[in-house]
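Hello,

Here is the structure I promised to pass on to you. Have a look at it, and then read my notes below.

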Amino acid sequence: VPPASRDIASSFAFVARRVLVFCRRCAGNAPQILETWRLKTVGSQSIITQFLQVPGGVLIALFQMEAAPSEVMVWLALWIGAALQVVLFALLVWYAVLAYARSKRDPSNHTFKLRHWL
């Protein structure tokens, strides 16, 4: 195999790996967001866990961007992942608040449980 072909193949493999890692990091919370949106409930997800993960995701992205400068593909994926965590957290809080409001309006409706917040 000529050297030029190896260079092209290795370049393609390098780019493909970067794109796959980028997509995996960006789409990490997408299935949870879609399922939460579809079910319109908190389900078995923990709001407290998300509350802890959101600032952590933002801090990691900020660190990768500022303190330990990395490639754009690294910190951009982390920022997108952090944004998706924020969206998921907002959905969880929204649906927990709606469940709480429904339980206050109709005491026989037991859709709100303390586990929504834990």
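Helix α1 (residues 3-26) is the main contributor to a nonpolar surface patch, giving three residues. The patch consists of Phe14, Val15, Val19 and Met73, which together have about 310 Å² of accessible area. Accessible areas come from the Shrake-Rupley method with a 1.4 Å probe, and for residues only the protein chains shown count as cover. Methionine 73 belongs to helix α4 (residues 72-105) and is partly exposed, at 31% relative accessible area.

A word on the model itself: it is predicted, so local features need pLDDT of at least 70 and side-chain atom pairs count only at pLDDT 80 or more, while totals for chains, interfaces and linings use all residues. Residues are numbered from 1 along each chain as its sequence is written, and side-chain values use heavy atoms, leaving out hydrogens and water.

As for the overall layout, the chain has four helices and zero strands, in the order α-α-α-α along the sequence. Helices (H or I, at least four residues) and strands (E, at least two) are DSSP runs, numbered from the N terminus. Of the 118 residues, 22% are buried; buried means under 20% relative accessible area, exposed over 50%, and partly exposed in between (1.4 Å probe, protein chains only).

You will find one aromatic pair in the structure. Phenylalanine 51 and phenylalanine 89 form this tilted pair, 6.1 Å centre to centre with 40 degrees between the planes. Because phenylalanine 51 lies in helix α3 and phenylalanine 89 in helix α4, the pair ties together parts 38 residues apart in sequence. Rings of Phe, Tyr and Trp (its six-membered ring) pair if their centres lie within 6.5 Å; planes under 30 degrees apart are stacked, over 60 edge-to-face, and the rest tilted. Phenylalanine 51 is exposed at 53% relative accessible area, whereas phenylalanine 89 is partly exposed at 22%.

Finally, look at serine 46, in the loop between α2 (30-39) and α3 (47-67). Serine 46 counts as buried because its relative accessibility is 18%. Its side chain makes a polar contact of 3.0 Å with the side chain of threonine 49. Such a contact is a pair of N or O atoms within 3.5 Å; within protein, one must be able to donate a hydrogen and the other to accept it, and residues adjacent in sequence count only if both atoms are side-chain atoms.

Best wishes

How values were computed. Patch = residues over 30% accessible without salt bridge, like charges linked within 9 Å, V, L, I, M, F, W, Y side chains within 5 Å. Salt bridge = Lys/Arg side-chain N within 4 Å of Asp/Glu carboxyl O.
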